[in-house]
Structure formats: structure tokens, C-alpha cells
Amino acid sequence: MAQGQEQTAPDAVMTRIGQVVILHHAGDREEARHRFLQLWAEIGADGAPLHRCTLAHYMADTQDDPADELAWDLRALTAAEELTGDRAAAHEGAPAARALYPSLHVNLAADYLKLGRNGAARTHVRRARGAAGSLRDDGYGKGVRAAIAQLELRLAEEDPDGAGRWGPPRQRP
């Protein structure tokens with residue numbers, strides 16, 4: 001995840017989340033969704049923020065309805081924000097949450113784009129681009145950066161007259 005992250009004891013919840021992710025990637029979306037919901041019930045709304053963030057981040061990918069996908073991605077971002085605020089900066093999950101931020105914002109941008117909310121999509125693409133500096137130059141980092149670029153292009157195509165251009169607003173004379 002983050003550079004310099006120290007070796008820690010295995011986290012049983014993260015291991016279980018990873019097992020369900022493998023199930024989902026193997027093509028069993030329905031079973032993965034079911035198992036994620038079971039884990040969510042176990043973790044609860046007051047569970048460890050890193051667990052809730054990670055689970056919600058992956059749970060969003062199992063949703064059929066774009067509004068449900070958005071709801072899970074928003075849960076993931078909310079949990080990540082618990083780990084990156086001033087009070088939580090020293091929390092053991094903070095580096096992992098910072099590493100997830102670009103991906104969380106990419107997912108939210110894609111959700112909003114699916115729902116036709118291009119302004120919100122642009123906001124999250126900008127946030128993803130701003131957070132991308134925390135990514136390593138590895139496969140994951142390159143993939144997230146490519147997703148950001150792809151969303152920027154899609155949003156530019158959605159606005160061919162340039163009214164929603166990227167960059168700062170123009171100065172009025």
C-alpha cells in the first residue's frame with residue numbers, strides 16, 4: 001500500500017475481505033455481494049474505519065444499480081475521511097486510506113458520470129488527480145492514473161462546447 005509501511009500481524013477482517021474480492025474477480029458477483037453484506041453486518045457502522053472503507057470500496061463494485069454503487073462508494077470515502085482527519089492522522093490505517101483516496105475519488109467520479117451528474121464527476125476527478133501524488137509508480141498507481149485520464153477524456157467528450165473545461169475559471173475584465 002503506502003511506502004514505508006511496516007510489517008504488521010495479519011488482519012483477519014482484511015484477509016476475509018480479500019478472499020471475497022477474489023471470489024468477485026473470479027466472476028461470482030452475487031455470492032461476493034452476499035458475503036460482503038455478511039461482513040458488513042459483522043463489522044457494523046462503528047467498526048474499524050479501514051475495514052469499513054475497504055469493504056465498502058469493494059462492495060460498490062458488486063452493485064447492479066448505479067445509485068447503490070454510489071452509496072457504497074460514499075460509505076468508503078466517509079470511512080477513509082475518519083482516518084485522514086487531524087485527530088486520526090496517527091491512526092494505523094491512515095497510510096492505507098491515503099493510498100486509497102485517488103481510487104475512491106475515481107470510483108465516485110465514474111458513479112456520478114453514470115448517473116448523469118457531470119459536475120459532481122468533475123469534482124471527484126479533480127480530487128483524484130490531486131490525491132494521485134501519493135501513488136507509487138507501480139501497476140496499481142499507473143492503473144489509477146490511467147482511469148483518471150480516461151474519465152477526464154469522457155467528461156471532455158460529454159461537454160464538447162468547452163463550458164465545463166478543466167482548469168481555473170476565467171478572470172472577468
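## Basis of the model

A residue counts as buried under 20% relative accessible area, as exposed over 50%, and as partly exposed in between, with a 1.4 Å probe and protein chains only. This is a predicted model, in which local features need pLDDT of at least 70 and side-chain atom pairs count only at pLDDT 80 or more, while totals for chains, interfaces and linings use all residues. Residues are numbered from 1 along each chain as its sequence is written, and side-chain values use heavy atoms, with hydrogens and water left out.

## Salt bridges

Eight salt bridges are found in the whole structure, each being a side-chain nitrogen of Lys or Arg within 4 Å of a carboxyl oxygen of Asp or Glu. Glu-30, which is exposed at 52% relative accessibility, pairs with Arg-33 at 2.4 Å between the closest N and O atoms, and Arg-33 is buried at 12%. Because Glu-30 and Arg-33 are three residues apart in helix α2, about one helical turn separates them; helices here are DSSP runs (H or I, at least four residues), numbered from the N terminus.

Asp-64 and Arg-29 also form a salt bridge, at 3.3 Å from N to O. Asp-64 lies in the loop between α3 and α4 and Arg-29 in helix α2, so this pair ties together parts that are 35 residues apart in sequence. Asp-64 is exposed at 60%, whereas Arg-29 is partly exposed at 32%. Arg-29, Glu-30, Arg-33 and Asp-64 are linked in a network of salt bridges.

## Aromatic pair

The structure holds one aromatic pair, for which the ring centres (the six-membered ring in Trp) must lie within 6.5 Å, with planes under 30 degrees apart counted as stacked, over 60 as edge-to-face and the rest as tilted. Trp-40 and Trp-72 form this edge-to-face pair, 5.0 Å centre to centre and with 85° between the planes. Trp-40 belongs to helix α2 (residues 29–43) and Trp-72 to helix α4 (residues 66–84), 32 residues apart, and both are buried.

## Surroundings of Cys-53

Cys-53 is placed in helix α3 (residues 49–60) and is buried, with a relative accessible area of 0%. Leaving out residues up to four places away in sequence, Cys-53 touches Ala-76, Ala-79, Ala-80, Leu-100 and Leu-104, where contact means heavy atoms within 4.5 Å. Between Cys-53 and Ala-80, which are 27 residues apart in sequence, the C-alpha to C-alpha distance is 5.7 Å.

Note on methods. Helices (H or I, at least four residues) and strands (E, at least two) are DSSP runs, numbered from the N terminus.
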